[in-house]
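Hi,

Here is the structure I promised to send over. Have a look at it first, and then read on for what turned up when I went through it.

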Amino acid sequence: LLDGLPEAAGQRSSSAAHPITLSLSGFGEPLIHPEFPALVRLARARGLRIEIITNGTLLDAALARELVALGVSQVTVSLDGGDEVAYAAMRGQARAPAVAALAALVEARRRGRRPVEIGAAFVATRRNIGSLPGLLTLAHDLALDFVAVSNVVPHTAEMAAEMLWGGAAWAA
């Protein structure tokens, strides 16, 4: 996977101020790969900056400590609800594991004394937007660095009805 990156990483990362960022995210859960820590280790050895977006269900205290120790720059946990009801409506499961993942990351950062940015991603919909203030309160209480809010990208007509702004993406 990283075979083609050494030359590009070497060209850009010669300046420590602007290393290439490898963002491990998208549709699907990046932490599900059985060799995920090894992948991060390889990328870091090549001087890459690592960002991860996860749903948090596989992120326990041990993995949080490992990611911090490996020098991951940013971890974002998808938390599409500021309360249990909104989260369950979006994800179909309890919110507690995702909140526990965030808390584990914050504790790992504190103990490891490493500069990792930790935040929550919130996909705003008509169904969950009312819970956003609760998420901001939780982010404050957990001492998160950021909350990223985005509009839902619909994959079905039902999801298109959940969009808060603009229909251009669905029309395209």
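**What I found**

The protein has eight helices and five strands. Bear in mind that this is a predicted model. Starting at the N terminus, the order of elements is α-β-α-β-α-β-α-α-β-α-β-α-α. The chain has 172 residues, and 41% of them count as buried. As for contacts with a separation of 6 or more, 63% are between residues 24 or more positions apart. The exposed surface comes to about 9200 Å², with carbon and sulfur atoms supplying 58% of it.

Strand S1 (residues 21-24) has Leu22 and Leu24 on its covered face, while Thr21 and Ser23 sit on the uncovered one. S1 runs parallel to strand S2 (residues 49-54), and four bridges join the two. On the S2 side, Arg49 is the bridge partner of Thr21. To get from S1 to S2 the chain passes through helix H2 (residues 36-45), and this β-α-β crossover is right-handed.

Now for the core. The largest nonpolar core holds 41 residues, and those touching the most other members are Leu24, Ile50, Ile52, Leu59, Leu79, Leu102 and Leu144. Two or more residues come from each of S1, H2, S2, helix H3 (61-70), strand S3 (74-78), helix H5 (96-112), strand S4 (117-124) and helix H6 (132-142). H5 gives the most, with eight residues.

Which residues of H3 are buried? They are Leu63, Ala64, Leu67, Val68 and Leu70. These residues are on the same side of H3 because they cover an arc of only 165° around the axis. Their cover includes H2, S2 and H5. Just after H3 comes Gly71, which takes a positive phi of about 85°.

Thr76 lies in strand S3, and with a relative accessible area of 4% it is buried, because the cut-off is under 20%. Not counting residues up to four places away in sequence, Thr76 touches Ile52, Ile53, Thr54, Gly119, Ala120, Ala121 and Phe146. One of these, Ala121, is 45 residues from Thr76 along the chain, yet their C-alpha atoms are separated by 6.3 Å.

The other residue is Ala160, in helix H7 (residues 157-160). Is Ala160 buried or exposed? Ala160 counts as buried, because its relative accessibility is 19% and the limit is under 20%.

Cheers

Definitions and conventions: Residues are numbered from 1 along each chain as its sequence is written. This is a predicted model: local features need pLDDT of at least 70, side-chain atom pairs count only at pLDDT 80 or more; totals for chains, interfaces and linings use all residues. Side-chain values use heavy atoms; hydrogens and water are left out. Buried means under 20% relative accessible area, exposed over 50%, partly exposed in between (1.4 Å probe, protein chains only). Two strands pair if DSSP finds at least two bridges between them. A crossover is right-handed if, with the strands pointing away from the viewer, the path from the first strand over the helix to the second runs clockwise. Contact means heavy atoms within 4.5 Å. Accessible areas come from the Shrake-Rupley method with a 1.4 Å probe; for residues, only the protein chains shown count as cover. A nonpolar core is a set of buried Ala, Val, Leu, Ile, Met, Phe, Trp, Tyr and Cys residues joined through side-chain atoms within 4.5 Å. The arc is that of the directions from the helix axis to the C-beta atoms.
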